[in-house]
Amino acid sequence: MPTLLRMPLRTLAHLSDLHLDLSPDSDASAQALLSAVQASRADHVVLTGDLTHQGSREEYRRFVDIFAPLLDTGRLTFIPGNHDRPGEDVGGAWMDGLKVRTVERPGVYFVCVDSTGEHNRNYFASHGELSLDTVERVEAALDAAPHDALVAVLVHHHVLPLPEESFPERLATRMGWPHASELTLGAELVTRVQGRCDLVLHGHRHQPCETVLDTAHGRPLRVFNAGSSTDLGRFRLFQHSDGRLLGEPQWCHSTQPERPRTAGHNVRPALQYLVTQLGMALF
């Protein structure tokens, strides 16, 4: 009798919003996450932005040092977030000047989207940017997706409306500012990728969430916000085979307990930004 060939079972880990800030606590949280990822034996890891807290080269070097075991083996794909653009703008070079690029690894196909803009050079302008041209480039990238791969769109900012999580976000919304809003064309992006990919993975908001959208094509689209992996001390692990998700994702916990940051975490970099802008204006 002929032997049926079975595709291997693979796993994908989703992390986001590390906000590495050079403090001992930040290092410990990131190291604990790396250890948990390695213990999970994830085949590949995606990190959807805000690797750094102030966009400094030293923060980025710290990220590279900590996550070297994944980077050196080609098992980590990451995109920029708004916190990677102020300061020395380390995130500005991560996409090679492209708004959309693709990454293909065994069993997975990623469409990486840069949802940051030049306005994110301002520390206080945290909202994202998504143009119609970028949406169309995502569609074109999906045209090349292999039929036997799990297909995921990676973007930093949230594509669908989410509740505000803090007083500054609630204040921004009340004032009519875009800082806490979803991407302007986020819903359009979701509509266009339905039936053509399996996952939209993002971060930006620090509380995790999930939305499942059924389609007439029989290929459900699942939108996941990872939250801040360092704050939560955990990440989602997806199992997949032959281009299909298997069951529900599992939360993998690090040895660090959940420890959400307070608004004070942003006070020092905000003051530094204001001092720098004042100095430029005066001199």
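A pocket, on a 1 Å grid over the protein atoms alone, is an open set of points where a 1.4 Å probe fits, with protein on both sides within 12 Å along at least five of seven lines, and its lining residues have an atom within 4 Å of a point. A volume is the space filled by probe spheres set on the points, which are joined across faces, edges and corners.

I worked on a predicted model, where local features need pLDDT of at least 70, side-chain atom pairs count only at pLDDT 80 or more, and totals for linings use all residues. Residues are numbered from 1 along each chain, and side-chain values use heavy atoms, without hydrogens or water.

Entry 1, second largest pocket. I found a volume of about 360 Å³. Its lining has 18 residues, and Asp198, Arg219, Pro220, Gly243 and Arg244 lie nearest the centre. I noted helix H4 (132-143) and strand E11 (244-245), each supplying at least two lining residues; helices (H or I, at least four residues) and strands (E, at least two) are DSSP runs numbered from the N terminus.

Of its 31 lining residues, His83, Ser166, Pro168, Glu169 and Asn266 are closest to the centre. Helix H5 gives the most to this lining, with 4 residues.
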